[in-house]
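I opened the model to look at the whole chain and then at two spots within it. My notes follow.

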Amino acid sequence: MLNCKKLIKDIKLNIKALASLVLIMSYPLMMIVVIGWFLIPHLMPYLREVVAFVFFTSVFIGLILVAKSVVLKKWVMIFSLWMLSVFAFVKLGFYYIFGAKLSSSSVFVFFETNYNEASEFISSYFDAKLIVLAFFSFIYPILYSCIIGFNLKKFYLSSFHLYSNKIKLLSVLLIFLSVIALQRRFKAESIVFILSKSIEEYKETKANIRKDLAQETNPNLSVIANKTDSQVGVVIIGEATSRWHMQLYGYNRETNPLLMEIKDELLVFNDVIAPNVMTIRSLEKALTLKCYEGFDVENNFSVVQLANQSDFETFWISNQEPVGYTESIPTIIGSAAKTKEFIATDDYSHTIYDENLLPRINSALKSKEGRKIIFVHLIGTHRVYSKRYPDEYSHFKGVNERTKYKTEYSKDKVNEYDNAIRYNDYVVREIIEQVRSMNENSFVVYFSDHGDDVFDTQDFVGHHGNKASKPMHDIPFLAWFSESYKLKNPRFDSISNNLDKPHALEDFIYGFSDLIDVDYKAYDSSRSIFNKDYKIKTRWIRNEIDYDKW
Ligand SMILES: [Zn+2]
């Protein structure tokens, strides 16, 4: 039975040790209180973060109290201090970079990337202020680990007498109540919950996708009619290329000298948007039947499977790593192709330029099959921009007047991004020329999964859901047809009427169906930008935002 008097006596006896323990463990909490005040945009979220962190800290203090021996207490204390410091740093860092709370969907991005990309992602946001934040977050646990580790005898815990069962019981109660409070009231502030939810969502998305989309054929897809004549199509899937930085779309720098040369031969669609600003979230819709209007995901299939079941040989040639610490979703979709080539498979993947795909595309084009679709997944203009192009493409210097936030840093980033776009221009044109030289019934279509905002509308570089802006949604979308293709498909003559119409990339599968001339259950000509029946629809982005009213 709990004897209150005895308990109070115990606490009184240890009040000094207890107070100093609380004080030591409260350093990360103080960081949230002080630095959070400046970084967290509104009062209520600020207070919630502070209170949630009080409970967090309580859980760890409880754990230290429960630990039996002084040695164990020492290790639990070091561990707890590090955990709390990391949590505080991640939370504050996230507020600093994105001006918003860490959420399960915002950490989702890390699961799509491999180690290299993730470290690039982090390093590209590491500026002086973040380094100062890291310093203050970690100097304390480093120092304390040393003090506790090397100076155990002098350490106050040796005089700790809190080993009575009552204190233990009280500690267990403290842990229990704090966990309950976090679970019930502060889920959205709990890093552990956010991470586990995000991992769960990601696994679920992947499992759904793998079940249906990784196989060559898909029972959900029933092709009604398709042609059998020889045809070659290349679908180029770009990466992080915004049309805001493309000369082809009116940018004030020569970022598309090679595509401009053949502009008259291209169908340049002027108003196409990505459904999301993250690769996996965008491509899981762009490359499948899935879209925001809630198409039954159970019956989903992909453009790769559509090509397979329309008697095409299919190739998936990618410069994005097939495996990270998780296999990425575009890789699963691509794995339905009959021939798969991933050139980025070693540690240096992130410096392999897209031109290394060209010989692979060329040999796919020259393979003997009469009907084939080649999907090309570029690394495109993904951060870190300066790693996306060889030295001779270091073309742009000085400040571009269009840059909204002009600093030395933004000048460099804009120049690097524009260089990468200019290099991407070369890659896309080169692919078109390869296809042209085959002199066949052929088409090329190019789009990007989403764009980047490079100081165009905000003081930010890159793409992220919490910072979503028009440059991240506005993507290039263009097509090229061979002479023989045009002759065989006179129905495309009227497509130039669609060039300025608003279109959503999530409906790419319908346009693709027209390009390869296949009919199937679920096909909808009014959603195909390559069809005269095309109708403008509400363009939903990132769950329930109407892009055209945004
Ligand atoms: Zn992307």
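**Whole chain.** I began with the surface. The protein chain exposes about 23900 Å², and carbon and sulfur atoms supply 59% of that area. This is a predicted model, so I read every value as computed. I then looked up burial: 56% of the 550 residues in the protein chain are buried. For secondary structure I found 20 helices and 14 strands. Next I checked contacts between residues at least 6 apart in sequence. Of these, 79% join residues at least 24 apart.

**Helix α9.** I turned to α9, residues 128-150. I noted the general rule: an α-helix has 3.6 residues a turn, so residues three or four places apart point the same way.

**Phe 375.** I finished in strand β6, residues 371-377, where Phe 375 is found. Is Phe 375 buried or exposed? Its relative accessibility is 1%, under the 20% cut-off, so Phe 375 counts as buried. I listed its contacts, leaving aside neighbours within four places in sequence. They are Val 235, Val 303, Val 304, Phe 315, Trp 316, Ile 317 and Phe 512. I also checked Thr 314. Thr 314 and Phe 375 are 61 residues apart in sequence, with their C-alpha atoms 7.6 Å apart in space.

Conventions
Residues are numbered from 1 along each chain as its sequence is written. This is a predicted model: local features need pLDDT of at least 70, side-chain atom pairs count only at pLDDT 80 or more; totals for chains, interfaces and linings use all residues. Side-chain values use heavy atoms; hydrogens and water are left out. Helices (H or I, at least four residues) and strands (E, at least two) are DSSP runs, numbered from the N terminus. Buried means under 20% relative accessible area, exposed over 50%, partly exposed in between (1.4 Å probe, protein chains only). Contact means heavy atoms within 4.5 Å. The expected span of a helix is 1.5 Å times one less than its number of residues. Accessible areas come from the Shrake-Rupley method with a 1.4 Å probe; for residues, only the protein chains shown count as cover.
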